[in-house]
Amino acid sequence: MGRRKLEMKRIEDKSSRQVTFSKRRSGLNKKARQLSVLCDAAVAVVVFSSNGKLYEYCSGTNRLDEKGNVVSVSDMTELEEELSAALMHTRARKTQLMMERISGFHEQERKLSDEKEELKQQLQVASAANPKDDVGVGGQSGGLNDSADNQYCGQTTPPQQLLTLPLFKD
């Protein structure tokens with residue numbers, strides 16, 4: 001009975017993905033061990049899970065740092081813990097900065113809302129103080145035509161018709 005060809009894409013089901021990860025990690029370590037024994041080669045396998053957990057296989061004393069020095073398992077574990085701590089610190093700082101920015105946006109929103117309410121109140125006070133200005137030429141609301149009707153804007157003859165455009169709408 002033959003195997004079917006497996007399409008190389010991410011496994012969506014979390015439990016199936018974890019089972020596959022464990023089986024394939026074990027198979028990879030087994031192949032590395034066989035290669036080490038059969039070919040007398042120094043083999044090292046380092047695997048990080050999706051959760052950031054470290055899995056390693058090392059034939060003999062093949063634990064070297066970037067300078068070629070031998071590194072013990074306890075040193076590597078300490079390094080892993082330092083990396084985890086640095087990652088947690090970075091995520092905490094990122095979260096803090098995002099929260100500060102969101103807080104700033106909320107404050108800006110509140111100020112703009114207050115300014116809008118203040119402008120609405122000023123408009124209501126202005127329209128209450130000048131009730132005659134509510135209707136201009138042609139039945140449009142405004143308030144600029146009254147002074148134009150009285151003064152003709154410096155002309156000797158009255159203007160044909162002044163058009164008032166509404167500036168504010170509720």
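Helices (H or I, at least four residues) and strands (E, at least two) are DSSP runs, numbered from the N terminus. This is a predicted model, in which local features need pLDDT of at least 70 and side-chain atom pairs count only at pLDDT 80 or more, while totals for chains, interfaces and linings use all residues. Residues are numbered from 1 along each chain as its sequence is written, and side-chain values use heavy atoms, with hydrogens and water left out.

**View 1. The chain as a whole follows the pattern α-β-β-α-α when read along the sequence.** The chain has three helices and two strands. Of its 170 residues, 11% are buried, where buried means under 20% relative accessible area, exposed over 50% and partly exposed in between (1.4 Å probe, protein chains only). The accessible surface of the chain, from the Shrake-Rupley method with a 1.4 Å probe and, for residues, with only the protein chains shown counting as cover, comes to about 15000 Å², and carbon and sulfur atoms hold 55% of that area. Contact means heavy atoms within 4.5 Å, and among contacts between residues at least 6 apart in sequence, 22% join residues at least 24 apart.

**View 2. The buried residues of helix 1 are R25, N29, A32 and S36.** The end C-alpha atoms of helix 1 are 37 Å apart, which agrees with the 38 Å that its 26 residues should span at 1.5 Å a residue, the expected span being 1.5 Å times one less than the number of residues. What covers the buried residues of this helix includes strand 1 (44-48) and strand 2 (54-58). Just after helix 1, D40 takes a positive phi of about 50 degrees.

View 3. S36 counts as buried because its relative accessibility is 12%. When neighbours within four places in sequence are left aside, S36 is in contact with A41, V43, Y57 and S59.

**View 4. The largest nonpolar core consists of five residues, A32, V43, V45, V47 and Y57.** A nonpolar core is a set of buried Ala, Val, Leu, Ile, Met, Phe, Trp, Tyr and Cys residues joined through side-chain atoms within 4.5 Å. Apart from neighbours within four places in sequence, A32 is in contact with V43, V45 and Y57. N29, also placed in helix 1, counts as buried because its relative accessibility is 17%, and, not counting residues up to four places away in sequence, N29 touches V45 and Y57. L28 of helix 1 is partly exposed because its relative accessible area is 42%, and its contacts, leaving aside neighbours within four places in sequence, are V45 and V47.

**View 5. Strand 1 and strand 2 run antiparallel and are joined by five bridges.** Two strands pair if DSSP finds at least two bridges between them. The bridge partner of V45 in strand 2 is Y57.
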